[in-house]
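Hi,

Here is the structure I promised to pass on.

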Amino acid sequence: MSLKTVLILLGLALATIFALVCVLLTRERSPRRCQHLPPEQEDVEDSQSLVFADLTPEEMSQVVRYLQGHLGVPLVDASRAKPSDNCIASVDLQVPAKAEVLRFLDGGGARPHREALAVLYFGRQPEPNITEYVVGPLPAPAYHRDVTVHKYGGKVPYHRRPVTGKEYVDIAALVQRELKKAPRFLAACCESDGTNLVILTTAPRGFKSGDRVTWFVLFHNVPGTGYYLSPVGLEVLVDHGDLHVSRWQLRQVFYNGRYFSSTGDLEQEFVAGALEVVRLKQPQAEAVLGSMKPRRPPGSPGPLQFEPQGPRYSVRNNRVTFQGWSIAFGMNPNTGPRLFDIRYRGERIVYELSLQEALALYGSNCPGGMSTRYLDGSFGIGRFAYELSLYYGGLRKNTLVIRTISTLINYDYIWDFMFHGSGAVEVRVHATGYISSSFLHGRGTDYGNRVGPHTLGTMHLHHIHYKVDLDVDGQLNSLESQDMEYEFVKDPWSAQSTIERPYLRRERLEKEDQAAFPLNAPMPRYLSFVSPNPNKWEHPRSYRIQVISFAGKHLPTSSSMERSISWGRKEEEPTSTSIYNQNDPWTPTVTFADFINNETITNEDLVAWITVGFLHVPHAEDIPNTVTVGNGVGFFLRPYNYFNEDPSVDSSDSVYFSSEEDVGACGANPLACLSSATTCAPRLPPFHFGGFLNLSLAPPLGGL
């Protein structure tokens with residue numbers, strides 16, 4: 001593989017992608033059966049959804065041909081265009097204005113003209129710029145209008161344009177030429193002559209408006225796996241702002257904590273023996289860090305989902321339907337997936353639901369890492385949406401779930417304990433069943449919502465308390481918090497600008513008071529039970545506690561009942577409460593708050609007491625029963641440096657194949673064998689139901 005390039009694509013065939021997505025639908029309870037539309041109405045709605053459909057390849061070709069013949073300037077294909085050329089960077093659907101679409105969908109108005117939005121880079125002009133044109137009507141364009149100033153309030157400067165694939169290729173060639181000036185250094189540091197190294201871009205490109213200066217990080221290229229985990233310690237700063245590629249320059253070189261003005265200077269320092277070099281072996285594909293190739297042969301197939309009467313969803317053109325849902329889908333090359341006209345049982349719930357941007361902000365003591373703030377829309381979230389790329393590595397997800405359901409008066413609690421192949425434990429509770437209600441009178445809606453003729457659904461809190469006695473690599477553990485802070489530093493390579501660099505703040509919590517976090521109070525983003533023993537990379541073996549909770553406010557501490565549920569503020573103590581607290585909460589038998597007496601918690605047998613919960617304001621959709629969707633809270637116990645890598649790579653459920661292999665062959669892809677492995681109807685176990693008796697033989701709650 002050559003140095004990595006980023007390709008500008010004009011369009012993607014997306015129907016297959018979304019067809020795959022649509023299969024991954026979760027099941028939820030519905031009080032009524034879905035009502036299917038008559039075929040003629042289905043056809044009308046399919047036709048209406050096309051107002052949101054992505055451009056077809058033929059429509060994009062028509063737009064390109066129109067622009068080539070009507071702009072009066074030469075246009076170079078984007079794959080070959082230099083910065084000093086004019087080119088069409090992208091062509092996408094120009095989504096009609098909402099008011100115009102609604103007149104068509106709901107008011108019987110005319111179908112809006114189908115138009116395209118074309119983005120052009122004009123480098124071959126006295127004042128290079130970026131211009132956006134609306135072109136239409138499709139499929140036979142007859143007009144174009146410049147919408148740049150209307151959209152952005154002025155012209156868009158040329159230096160703001162995203163980097164094209166050709167620009168990355170030219171940068172890679174420049175870096176290759178510069179690397180040839182340091183042959184002995186490269187041989188010593190990386191067992192390389194430079195041709196088997198790849199570069200990764202950073203962004204933004206400089207420190208002020210007008211800059212186009214980018215740090216590129218070099219990695220060993222390992223075929224068949226991601227190179228992102230194999231940095232060689234070498235980074236280069238490239239100035240590629242000039243319209244003429246021949247004037248681009250390599251401004252700075254970074255290696256192992258030091259900065260150099262050129263690769264030649266780097267070579268001189270190495271030859272003189274004045275440079276400390278970390279000698280890296282060329283990684284081997286079968287043993288490279290981060291390889292997703294299975295460590296074990298495939299095991300027996302796991303559980304399968306089966307559609308005995310075929311799929312219950314449909315995908316027609318750009319419209320998906322499923323049990324009362326109707327969605328029009330598309331893909332913006334920059335911002336990614338977009339959904340329109342989302343309806344449930346014929347009524348529009350959402351007009352547009354679309355991804356807009358994805359930010360990734362990094363911190364490091366290397367220049368590339370410390371200066372990186374990726375805005376992924378600039379690279380193209382939709383442009384890089386693939387079913388598969390060069391290879392695929394993953395795991396068929398199978399999770400063991402231990403579940404029990406408790407019916408406590410009106411409520412049904414679903415208690416789940418889930419065990420994942422990564423070594424993580426997930427604990428979750430869903431609340432369902434009947435709401436508790438009051439007779440509606442006076443200002444009753446100050447305390448909930450009316451859900452029936454005389455019925456008030458009364459607001460309430462659910463707080464759930466767990467005991468977690470973790471023994472992480474032994475009984476003696478400590479508690480460590482980790483969170484991020486920002487530090488303001490001068491950029492080390494020029495000291496002319498300031499970088500807001502995130503760094504990791506680690507803290508050992510020595511006393512119980514430090515580890516007692518009141519309900520809803522800010523908590524460290526990472527909170528872990530740590531062992532005194534390290535893993536292979538010299539980090540303490542740990543398990544992280546990650547809480548997912550939306551708890552309401554705790555009962556005020558001034559309340560006479562608060563001490564009976566003081567675990568909501570938050571060992572030898574076996575439990576945090578007592579069954580005797582219910583009928584005498586004013587003088588509780590067990591008071592959890594008394595457990596916290598500021599004892600030392602370093603290298604001790606520690607217990608975590610975790611509270612999760614949510615505020616529930618009953619509403620009409622809680623009738624007849626509260627649905628589980630959105631009413632689940634819990635926590636994860638996740639390995640954090642406990643292992644040396646993700647332990648699921650050792651699973652027999654691992655899947656890996658590359659573009660060079662036959663993905664239909666069982667040896668390369670065990671999933672390809674499923675059709676032959678399941679040709680016979682599976683033997684289904686007989687249905688068994690234990691009845692309505694509870695094995696504890698307790699009397700029914702509230703029984704008369």
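Cys366 counts as partly exposed, because its relative accessibility is 23% (buried means under 20% relative accessible area, exposed over 50%, and partly exposed in between, using a 1.4 Å probe and protein chains only). Before I go on, a word on the source: this is a predicted model, where local features need pLDDT of at least 70, side-chain atom pairs count only at pLDDT 80 or more, and totals for chains, interfaces and linings use all residues. Residues are numbered from 1 along each chain as its sequence is written, and side-chain values use heavy atoms, with hydrogens and water left out.

Cys87 is buried, at 3% relative accessible area. A search of the whole structure turns up 1 disulfide (a pair of cysteine sulfur atoms within 2.5 Å). That disulfide links Cys189 and Cys190, with 2.2 Å between their sulfur atoms. Both Cys189 and Cys190 are buried. The torsion about their S-S bond is about -80 degrees, so the disulfide is left-handed.

**The chain as a whole**

The protein chain has 11 helices and 32 strands (DSSP runs numbered from the N terminus, with helices being H or I of at least four residues and strands E of at least two). Of its 704 residues, 41% are buried. The accessible surface of the protein chain is about 39,800 Å², and 56% of that belongs to carbon and sulfur atoms (Shrake-Rupley method with a 1.4 Å probe; for residues, only the protein chains shown count as cover).

E11 and strand E12 (residues 319–322) run antiparallel and are joined by 4 bridges. Tyr313, for instance, has Phe322 in E12 as its bridge partner. In the loop between E11 and E12 you will find Asn317, which has a positive phi of about 55 degrees although it is not a glycine. Asn317 counts as exposed, since its relative accessibility is 52%.

Asn641 sits in the loop between strand E31 (632–640) and strand E32 (654–658), and at 27% relative accessibility it counts as partly exposed.

Then there are the cis peptide bonds. One runs from Gly136 to Pro137, with omega near -15 degrees; Pro137 is in the loop between strand E3 (129–136) and strand E4 (143–146). Another joins Ala203 and Pro204, where omega is about 0 degrees, and Pro204 belongs to the loop between strand E6 (197–201) and strand E7 (213–220).

Cheers

Definitions and conventions
Two strands pair if DSSP finds at least two bridges between them.
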